[in-house]
Amino acid sequence: MVETHDAWHLLLGRLSLHALPTYSAVAATGASIAVLGAVISLGLITYLRRWRYLWAEWFTSVDHKRIGIMYIVLALIMLSRGVVEGVLMRLQQADAVNQAGFLSPDHFGQLFTTHGTIMIFFMAMPFLIGLMNYVMPLQIGARDVAFPVLNSVSLWFTIGGALLMMVSLVLGKFSTGGWSGYPPYTEMTYQPGVGPDYWIWALTLSSLGNLFTGINFTVTILKARAPGMKLMDMPLFTWTALCTSILLVYAMPPLTVATVMLALDRYLGMHFFTNGHGGNMMNFANLFWLFGHPEVYILILPAFGVFSEVIPVFSSKRLYGYTSLVWATMAIALLSFTVWLHHFFTMGQSADINAFFGIATMTIGIPTGVKIYDWLLTMFRGRIRFSVPMLFTLAFLFTFVIGGMTGIILAVPPVDFMVHNTVFLVAHFHNMLIPGVLYGVIAGYQFWFPSAFGFRLDERWGRVAFVCWVAGFYLAFMPLYVLGLYGMPRRSQEVFNPAFRPWLLVAGVGALLLFAGLASLFVQLWVSIRDRERHRVPVGDPWDGRGLEWSLPAPVPEYDFAHIPRVHGRDAFMAAKQDGSAYRAPADYEDIVLPCNSALGPVLGLAGAACAFGLVWYIGWMVAAALAVICGGVIARSFVRATVRIVPAARVAAEHRAWLELAQGARSVTRDEEDSPANQGRAEALA
C-alpha cells in the first residue's frame with residue numbers, strides 16, 4: 001500500500017478523486033457545465049474537421065486583427081462565467097437573511113475571489129487589449145504591431161491563465177482570499193489547499209502576457225506610425241492605448257513580484273509576508289496596490305479612448321478639446337501611481353500619509369472632469385444619432401459621474417474609515433468599472449464589429465441589451481450604497497439584519513437583469529450572423545468614421561493597407577473624404593512583406609498552463625516537462641529562418657482595385673438610412 005501511494009504521489013502529486021467538486025450541488029453543476037461545454041466544443045470542431053483550419057488560420061496566426069478577435073472571444077467566455085458568479089452571490093445574499101442560503105461560506109468565498117479575478121484579469125483586460133490589438137495599428141497606418149510573434153505569446157499566456165481558472169472550477173477549490181489575495185489569509189497556515197496556488201499562477205501567467213503587450217504596443221505606437229502622423233495627430237484611442245501600454249510596463253512587475261514572493265512563502269516557507277517570522281504583510285498590500293491602482297486606469301483609459309471615438313462619429317462633429325484630452329490622459333496615467341495607498345486607509349498609516357493620499361485621490365478627479373466636459377461639448381449642437389454604441393456612451397456619462405462623486409467621498413480618510421469594509425465600497429467600485437469599462441468595451445465591440453467581419457450587428461437586440469445592462473446596473477448596485485451606509489459588511493455570505501432584505505431583493509432582481517443583458521448580447525450576435533446579408537458593409541465606413549481604420553474594406557485584408565497612407569493632420573480619413581481624395585488608387589503597388597505564422601505562442605501558453613497546473617498539484621514531472629517545452633520552444637524559434645512571406649503586388653492591386661470599384665459604385669447613405677440594407681459601408685460625409 002505504501003509503495004502504491006508513493007507511485008500515485010509521484011505520478012499525480014496531491015491530485016486525487018477528493019479534488020472533484022462534490023462538496024456542493026452548485027459547484028458540481030458549474031463544473032459539469034464547464035466540462036460539458038468543453039466536450040461539446042471539442043467534439044463539434046472534430047466533427048466539422050476544423051482543427052487544421054483553426055490551427056493554421058487562427059491559433060498560430062500573428063495577424064494583430066485575428067489576435068485581437070481571439071482576445072475578445074476569450075473575454076466574452078470569461079464574462080459569461082463572471083456574470084453568473086455575480087448573480088449567484090447577489091441571490092445568495094438576498095436568500096440568506098437569518099438563514100444559511102444555498103451557498104456555504106467556503107463556496108461563497110471562492111465565488112467572491114473568482115468573480116473579481118476573472119472580471120479584472122480575464123474579462124476586462126483581454127477585452128480591452130483585444131480592441132487595442134485590432135484597432136490601434138489600423139489607426140496609425142501600420143501593417144501590424146512591432147513584434148507580431150510576441151503578440152501571439154502574450155495572447156496565449158493570457159489563455160493559459162484563463163484555462164487554469166476554468167480547471168479550478170473542476171479540480172480542487174479556488175482561493176477564498178479575495179481577488180487581492182492578502183496574506184496572511186493566503187499563506188499556507190490558513191489555506192493549505194490548492195486555492196491560493198491556482199490564484200498565484202493564473203495571475204502570474206496573465207501578468208507576463210500583459211507586460212509583453214505593454215512593451216509591444218509602446219514600441220508600435222512610437223515607431224510604426226504612418227508617414228506624416230505626429231504624436232498630436234494620433235486618434236484619442238491610440239493615445240489611451242499608448243498611456244495604457246506604459247502603465248502595463250511599469251505596473252505589472254510589482255504584481256508579478258508580489259505573487260512570486262507569496263509563492264515562495266507557500267512553497268519554501270520564506271515568510272516574506274509573515275509578521276511573526278520577520279516578514280511584513282503590509283509589503284504585500286503595497287506591492288499589490290502599486291499595481292492595483294494603475295490597473296484601474298489600465299482598464300478605464302482604453303474605454304475613455306473608445307468613448308472619444310464614438311462621440312464625434314455619432315455627433316457628426318470633430319472632437320472638442322483634443323489637446324486637453326491628450327494632456328488629461330497623460331495626467332491620469334501619471335497620477336495613477338500616486339494614489340495606491342487609499343486602498344488601505346484603514347490599515348494603520350499616520351494621519352499625514354492618509355491626508356497626502358486623500359488629496360492625491362481628489363486631484364486625479366480633475367483630468368477626468370476635463371474629459372467629461374470635452375465629451376459634452378463635442379455633443380453640443382451636434383447631430384446625435386442614438387445608435388447602440390452611442391447609447392452605451394451616454395449611459396456611461398450619467399453613471400460614471402455618480403461613481404466619481406462617491407470616489408471623492410471615499411477619498412476623505414475619516415469617511416473611508418466608516419464605510420471601507422461595507423458594501424458601499426462594492427457599489428462604488430462597480431459604479432466605476434461597469435459603466436466605465438464594461439459599457440466601454442460593449443460600445444467598442446458594437447462600433448468596430450463591422451470593420452472586423454464586414455456586417456453590422458443587429459440594432460434591435462443591441463437596444464434590448466442596453467436596457468437590460470443599464471436597468472440591471474442601477475437595480476443591482478444602487479441599493480448597496482444604502483446598505484453600506486446602514487453598515488452591511490462586504491463579503492457577507494449570510495446577513496443578520498432583516499431590514500436589509502428589501503434592498504437585497506432589489507439587488508437580486510438587478511443581477512438577473514444583468515444576466516439578461518449578457519444573454520441579449522449573444523442573441524444579438526446570433527441574429528446578426530443569421531441576417532448578415534442584410535447588414536453587409538463591404539466598403540467599410542458604415543458610420544461616417546474619421547480615422548484610418550474606416551478607410552479600409554470590411555473585413556480588413558490581412559495586409560491592412562494596400563498602400564501605406566501619408567497623413568496630414570488629425571482625422572485623416574475624414575479629411576480625405578472632404579477633399580475628394582478618398583477611394584483613389586495609388587500610383588503603383590508594391591509587394592507586401594508579412595510575418596509568417598508561428599506555433600510559439602500556443603506552445604508557450606499551453607506549456608505555461610501545464611507548468612502552473614503541475615505547481616498547483618505538486619506534479620514534479622509535469623513542471624519539468626513543461627519548462628523543457630518552454631525552453632525548447634524558444635530555442636527552436638531562434639533557428640527558424642523563414643519568418644516572413646510575400647504578398648505579390650499583383651494580388652494586392654487586383655484586390656484593392658476591385659474594392660475601389662465597389663466603393664465608387666456604392667451610394668452614399670444618409671444618417672436615416674444607416675441601419676437599412678442600403679448601407680453598404682459608404683456613409684454620407686457630413687462632419
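How do the axes of helix 5 and helix 6 cross, and within what distance do they come? In this predicted model, the axes of helix 5 (residues 105–139) and helix 6 (residues 148–167) come within 11 Å and cross at roughly 160 degrees. Because angles over 145 degrees count as roughly antiparallel, helix 5 and helix 6 are described as roughly antiparallel to each other. Their crossing is left-handed. On the side of helix 5, the contact is made by Thr-114, Thr-117, Ile-118, Phe-122, Pro-126 and Asn-133; helix 6 contributes Asn-151, Thr-158, Gly-161, Ala-162 and Met-165. Sorted by class, this contact has five nonpolar residues, six polar residues and no charged residues.

The structure holds 42 aromatic pairs. In one of them, the ring centres of Trp-201 and Tyr-267 are 6.1 Å apart and the ring planes stand at 65 degrees, so the pair is edge-to-face. Trp-201 belongs to helix 7 (residues 195–223) and Tyr-267 to helix 8 (residues 236–268), so this pair ties together parts that are 66 residues apart in sequence. Trp-201 is buried, with a relative accessible area of 16%, whereas Tyr-267 is partly exposed at 26%. A pair of sequence neighbours, Phe-356 and Phe-357, has ring centres 5.2 Å apart and planes at 85 degrees, and is therefore also edge-to-face. Phe-357 is buried, with a relative accessibility of 9%. One aromatic cluster is formed by Phe-121, Trp-179, Tyr-182, Phe-272, Phe-273, Phe-284, Phe-288, Trp-289, Phe-291 and Phe-429.

Most residues other than glycine have a negative phi, and most peptide bonds are trans. Against this background, the peptide bond from Pro-183 to Pro-184 is cis, with omega near 10 degrees. Pro-184 is placed in the loop between helix 6 and helix 7. A cis peptide bond also runs from Ala-554 to Pro-555, with omega near 0 degrees. Pro-555 is located in the loop between helix 17 (501–530) and helix 18 (572–579).

The loop between helix 17 and helix 18 also holds Asp-560 and Asp-571. Although not a glycine, Asp-560 has a positive phi of about 65 degrees. A positive phi, of about 50 degrees, is likewise found at Asp-571, which is not a glycine either. As to accessibility, Asp-560 is buried, with a relative accessible area of 1%, while Asp-571 is partly exposed, with a relative accessible area of 24%.

Notes
Residues are numbered from 1 along each chain as its sequence is written. This is a predicted model: local features need pLDDT of at least 70, side-chain atom pairs count only at pLDDT 80 or more; totals for chains, interfaces and linings use all residues. Side-chain values use heavy atoms; hydrogens and water are left out. Axes are lines fitted to C-alpha atoms, for helices over the stretch in contact, and angles run from 0 to 180 degrees between N-to-C directions. Helices (H or I, at least four residues) and strands (E, at least two) are DSSP runs, numbered from the N terminus. Angles under 35 degrees count as roughly parallel, over 145 as roughly antiparallel, 65 to 115 as roughly perpendicular and the rest as oblique. A crossing is left-handed if the near helix is turned anticlockwise from the far one by less than a right angle, and right-handed if clockwise. Contact means heavy atoms within 4.5 Å. Ala, Val, Leu, Ile, Met, Phe, Trp, Tyr, Cys and Pro count as nonpolar, Asp, Glu, Lys and Arg as charged, and the others, Gly among them, as polar. Rings of Phe, Tyr and Trp (its six-membered ring) pair if their centres lie within 6.5 Å; planes under 30 degrees apart count as stacked, over 60 as edge-to-face and the rest as tilted. Buried means under 20% relative accessible area, exposed over 50%, partly exposed in between (1.4 Å probe, protein chains only).
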